[in-house]
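Please open the model in your viewer and keep the selection tool at hand. The tour moves from the domains to their contact, and then to the ligand.

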Amino acid sequence: MINSISTSGLTRQARASRSLLPVAGVSIAALVLVAVMPSVLDTYLLNILIRAFCFAMVALTVDILWGYTGVLTFGQSAFFGIGAYAAGLVFTHMGFSPAHAWLALGIAVAGAAAVAVLVGWLSFYQGATPLYASVISLVLPIVMTQLLFSGGTFTGSSSGLTGYTMIDLSLEAWFWIAGVTLVLVTAAAWVFVHSDAGKILIGIRDNESRCEYLGINPSLVKIGLLVVTAVVASVAGFGYASFSGVVAPELSGFVFGTEIIIWVALGGRGTLIGPVLGAIFIETTSAYLSGSLPFLWKLLVGVGFVLVIILLPQGLMPLALRLRRFLPRRLAGGVNAAAPTLLEAPGQKPHSIDRSTPAMRLEHVAKNFGSLKVLEGIDIVAYPGELVSLVGPNGAGKTTLMRCMSDGAERTSGTIRINEHDIRRLPAYRCVGFGIGRKFQTANVFESLTVAECLRIARAKVERPSLLRQKNTLSLPSYALAVLRATELDRKLDQVCRNLSHGEQQALELAMVLALEPRVILLDEPTAGLTKAERTKIGHILIELSRDYGLCCLLVEHDLDFVCEISSRVVVLHQGKIVMQGTVKEVVESELVQSVYAGNATPVSQALQQATASKGATA
Ligand SMILES: Nc1ncnc2c1ncn2[C@@H]1O[C@H](COP(=O)(O)OP(=O)(O)OP(=O)(O)O)[C@@H](O)[C@H]1O
């Protein structure tokens, strides 16, 4: 019987606070600094810093897209330009008043959001590669600059717009506005990327396909993120133009877009603070040195960039963050320091499951790769509570069949129904909604996240993750908890996945799939890499999943002893066709199946016979 996991021993971690105190403390310190700086800095430096603060906000948006989500973008300058030109154009052609300032801000936000939706759709539509998205982001600032060049007197062409009436504030007031906005935007970004929802960005960066098979639509997440970051960049551009009284096509150009990438790379992508400090430092230093050393300074920045990329690929900030180990833990703000308490989720009641309606129905399914027919005429019906093993020699088409069952776009022809829902040509994340969960052949987890964070992302479809915080409890169905306990992963919730053994990663992936509470699970070699003892425990869990919880399990497995021990039915595939379906005994005794395996190095028939004999002896 699957027991609910004991939470004793986790109490210490449960008490661990996920408070926002560290970020609040740093933000208050930064605000105090912003408050006092105008009284100690000269006018020139204040001017430079206000501009640098605006640029730092754009750098922050690039860091969220590139550093956290893995989307390398050169296009954020275009959104900065939209905000800047919204202010420049309205103030030049309509005059200045508070109403006009609000109008310009509204145009900046709406314009940036509309362009971001279009660009996001083009960049991240289903099947688009990351390289394609980067190319689109390169094209955007080029198109934007050309539009501004060809705008004649309306946009000021290559000279841009100058001399318009600006928002009339003192230099100190501008400094405070820019500084406070930067601190607040940085703090908000920090809270978001460290929240449960923010971890999905890292999940997408690490393993987009795993996210899809957990029911998350990565394209939608990336489009939403692009829209939000575009709006922030446009507001920064609006502030820049309102303060400086100058807008030029260069502000939305490709060169500026590349400079932002350099700030982020030097500062340390994926750290937020690094890119902000990188932008402020390079902009301020440039202002002092570019006049006296115009070419040498650019050369120095370029050499610094190359050196950092080679020697410190993660940038300078991670180096500084490593010093945190010398600080007390509280001050270091170790957000991943504590693991959440595991709780048992209520889940679906086994007796409420209708076991007479097929959980999975395949009719005439075929798959071709060009002229190669990999699957042909596949008909399978599987019911809740069944544990069906797909066996066959290497290359028989087992994994391809799993792919077809879990993603509507995969098969060439035929019909697949999951819980009576026709999956049509729907993508994997939509099929998950019909109750299917898939475990891949090789361990497929999020390598830079902890065990608990992976499980949290796996639950995102069931429990909407918080945008603001990390919850200190994690509810999982009892069978997912049982997998964690069987493999002792429940004691490693705070460990980063890349440090887990292969077998532990396999078990974690299985627990992640079960965390989705699927009604049908596809398991491609779930015990590969596990020890004999772990394999036996997982076998028992799979039997209980089907018998006690009514899950329909479809299993691809080369370990034939394991297949015989746990299966209620076996389907034999050979050269893309089903050669036999039946009970373990029927398959074992089939001469046809034995001839299928004849010539294969694995003594399959022998293994099947031995396993059946041992089962008979036990009975
Ligand atoms: N993307 C692809 N393009 C072309 N052929 C492919 C592709 N993917 C799989 N195949 C071919 O389809 C056939 C079935 O492959 P599949 O991986 O489904 O077999 P399998 O039964 O799972 O094998 P194994 O037990 O070794 O994992 C093989 O001949 C393989 O070479």
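The stops below each say what to select and what is there.

Before selecting anything, note that this is a predicted model, in which local features need pLDDT of at least 70 and side-chain atom pairs count only at pLDDT 80 or more, while totals for chains, interfaces and linings use all residues. Residues are numbered from 1 along each chain as its sequence is written.

Begin by colouring domain 1 (41-253) and domain 2 (357-618), into which the protein chain is divided; these bounds come from an automatic or database domain assignment. The C-alpha centres of domain 1 and domain 2 are 44 Å apart.

Next, select the side of domain 1 that touches domain 2, where 20 residues of domain 1 are in contact with 28 residues of domain 2 (contact means that the C-beta atoms of two residues, placed from the backbone, lie within 7 Å). On this side of domain 1, α8 (171-193), α9 (199-206) and α10 (208-212) each give two or more residues, and the largest share, five residues, belongs to α9. Helices (H or I, at least four residues) and strands (E, at least two) are DSSP runs, numbered from the N terminus.

Finally, move to the ligand and select the residues around it, namely F369, L372, V374, G392, N394, G395, A396, G397, K398, T399 and T400 (a residue counts as near if its C-beta atom, placed from the backbone, lies within 6 Å of the molecule). Within this shell, β5 (372-382) and α17 (398-406) each supply at least two residues, and α17 gives the most, with three residues.
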